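Please keep the viewer open as you go through the points.

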Amino acid sequence: MNRENENKIRAARKDEHIKLFMKSISAKDNGFKDIVLQNNALPETDFDNINTELVFLNKIIGMPVMINAVTGGTDYTYDINKQLAQLSMTYNIPMAVGSQTIALHDLSKQEGFKIVREINKSGIVIANISANSSYESVCEAVEMISADAIQLHLNTAQEICMCEGDRSFKGILSNIKNIVHISKVPVIVKEVGFGISYETAKKLHNVGVKYIDTGGKGGTNFVAIEDFRNKDLDYSFLKHWGIPTALSLIECKHASRDLHIICSGGITKAEEIVKAITMGAAITGISGLILRELLENGYDGAKACIEKLQYEMKVFMLLLGVDEIEKLSKTNYLLKGELLQIYKQKFI
Ligand SMILES: Cc1cc2nc3c(=O)[nH]c(=O)nc-3n(C[C@H](O)[C@H](O)[C@H](O)COP(=O)(O)O)c2cc1C
């Protein structure tokens with residue numbers, strides 16, 4: 001297939017992904033129901049003093065939430081990225097753009113990504129590309145939006161469900177190693193909804209990766225999304241595949257204490273954000289919830305959604321007796337149910 005045709009398919013797929021995401025049902029259980037936080041009846045702090053700010057990638061951000069990779073590069077998605085960028089600027093939270101491959105081959109597609117940096121001039125903007133891309137492509141993607149960091153995505157389960165998807169997955173780790181060693185910006189390796197295990201995190205850490213985004217199971221389900229696109233194939237046998245987000249976070253933390261973890265995959269509640277940070281995540285990433293709010297309830301709906309998360313986060317922090325985000329990681333949490341069973345099997 002020639003490059004022009006490949007890019008046409010890519011553009012159609014980007015628009016379809018958004019539309020089919022809206023029809024799809026989330027993978028549901030992200031594992032956080034098995035994490036227990038306990039009430040602190042003596043919080044010794046005032047609600048008005050609770051601060052959700054923190055430092056991430058050397059910049060102060062408003063709360064431990066980033067708008068995770070979704071889209072860009074087509075007329076339909078230009079407006080979505082524009083509004084997501086406005087949200088990221090308004091609340092001073094990082095934003096990752098969707099895969100930029102489409103704009104590397106066709107300069108006319110760059111506007112839908114560049115708009116994010118044009119709107120959010122000084123905040124954290126993160127580039128995104130497949131983990132099997134060349135270093136030259138990484139540099140172009142970073143330069144396109146003056147990115148503070150680059151996400152390299154791993155998405156085997158998604159690719160295998162796509163008729164036109166990749167079938168070759170050899171050499172990705174050594175490609176990541178090469179990129180990490182020469183990249184001028186921090187490299188974040190991420191999944192897209194199937195999670196990163198202890199073993200994978202260890203391999204990534206061993207080749208020099210310092211930032212991992214769990215992209216765990218429990219939210220956006222690309223098996224379901226790709227299955228809507230498949231006419232002849234049926235991948236529903238994979239609909240429960242993946243590592244729940246809370247488990248993936250535990251696994252990555254066990255791989256190395258030095259790793260900075262972005263905990264993502266089905267994060268929809270303030271309680272889950274607070275649990276993730278308590279468990280050692282640097283920040284959380286949200287795609288599905290914010291995209292759905294934006295498309296169903298408009299820009300004001302998405303704003304209200306972020307404000308609700310921030311307010312409820314503060315309430316949980318009060319009830320844990322914590323007035324700053326970094327103190328959450330010193331707060332105790334307990335495991336129960338399935339997560340505890342798996343934890344015992346794997347780590348004790
Ligand atoms: C419509 C849509 C498009 C996405 N496109 C990308 C992409 O281009 N690159 C990527 O790394 N992740 C992509 N993702 C995955 C998200 O970044 C995230 O890892 C995944 O959706 C799980 O988070 P969630 O449950 O909060 O949605 C996409 C997600 C959605 C919903």
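Helices (H or I, at least four residues) and strands (E, at least two) are DSSP runs, numbered from the N terminus. This is a predicted model: local features need pLDDT of at least 70, side-chain atom pairs count only at pLDDT 80 or more, and totals for chains, interfaces and linings use all residues. Residue numbers start from 1 along each chain, following its sequence as written.

1. **Ser248.** Let's begin in helix H10 (residues 245-255), where Ser248 lies. A residue is buried if 20 or more other C-beta atoms lie within 10 Å of its own, exposed if 12 or fewer, and partly exposed in between, with C-beta atoms placed from the backbone. Ser248 has 32 other C-beta atoms within 10 Å, so this residue is buried. Two residues are in contact if their C-beta atoms, placed from the backbone, lie within 7 Å. Apart from neighbours within four places in sequence, Ser248 is in contact with Gly195, Ile196, Thr214, Gly216 and Ile243.

2. **The ligand shell.** Which residues are the closest to the ligand? They are His153, Gly219, Thr220, Ser287 and Gly288, in a surrounding set of 26 residues. Being near a molecule or strand here means having a C-beta atom, placed from the backbone, within 6 Å of it. Helix H1 (3-23), strand S7 (149-154) and H12 are the elements that give two or more residues to this shell. The largest share, 3 residues, comes from H1. By class, the shell has 8 nonpolar, 17 polar and 1 charged residues. In this count Ala, Val, Leu, Ile, Met, Phe, Trp, Tyr, Cys and Pro are nonpolar, Asp, Glu, Lys and Arg are charged, and the others, Gly among them, are polar.

3. **Asn7 in H1.** Helix H1 also holds Asn7. Is Asn7 buried or partly exposed? Asn7 is partly exposed, because 19 other C-beta atoms lie within 10 Å. Setting aside neighbours within four places in sequence, its contacts are Ile102, His105 and Asp106.

4. **H2 against H12.** Helix H2 (residues 75-90) packs with helix H12 (residues 288-320) at an angle of about 10°, and their axes are 10 Å apart. Axes are lines fitted to C-alpha atoms, for helices over the stretch in contact, and angles run from 0 to 180 degrees between N-to-C directions. H2 and H12 are therefore roughly parallel to each other. The cut-offs are under 35 degrees for roughly parallel, over 145 for roughly antiparallel and 65 to 115 for roughly perpendicular, with the rest oblique. H2 brings Ile80, Gln83 and Leu87 to the contact, while H12 brings Leu294, Tyr299, Ala302, Lys303 and Ile306. These divide into 6 nonpolar, 1 polar and 1 charged residues.

5. **The largest nonpolar core.** A nonpolar core is a set of buried Ala, Val, Leu, Ile, Met, Phe, Trp, Tyr and Cys residues joined through C-beta atoms within 7 Å. The largest one has 96 residues, and Ile126, Ile150, Val189, Ile212 and Ala281 touch the most other members. H12 supplies the largest share of this core, 11 residues. Not counting residues up to four places away in sequence, Ile150 touches, among others, Ile126, Val138, Val185 and Ile188. In soluble globular proteins, nonpolar side chains tend to be buried together.

6. **Helix H9.** In H9 (residues 222-229), the buried residues are Phe222, Val223, Ala224, Ile225 and Glu226. Their cover includes H1 and helix H6 (156-161).

7. **The S2-S3 loop.** Leu57 has a positive phi of about 50° although it is not a glycine. Asn58, in the loop between S2 and S3, also has a positive phi, of about 65°, without being a glycine. Most residues other than glycine have a negative phi. Leu57 counts as partly exposed because it has 18 C-beta neighbours inside 10 Å. Asn58 has 8 other C-beta atoms within 10 Å and is therefore exposed.
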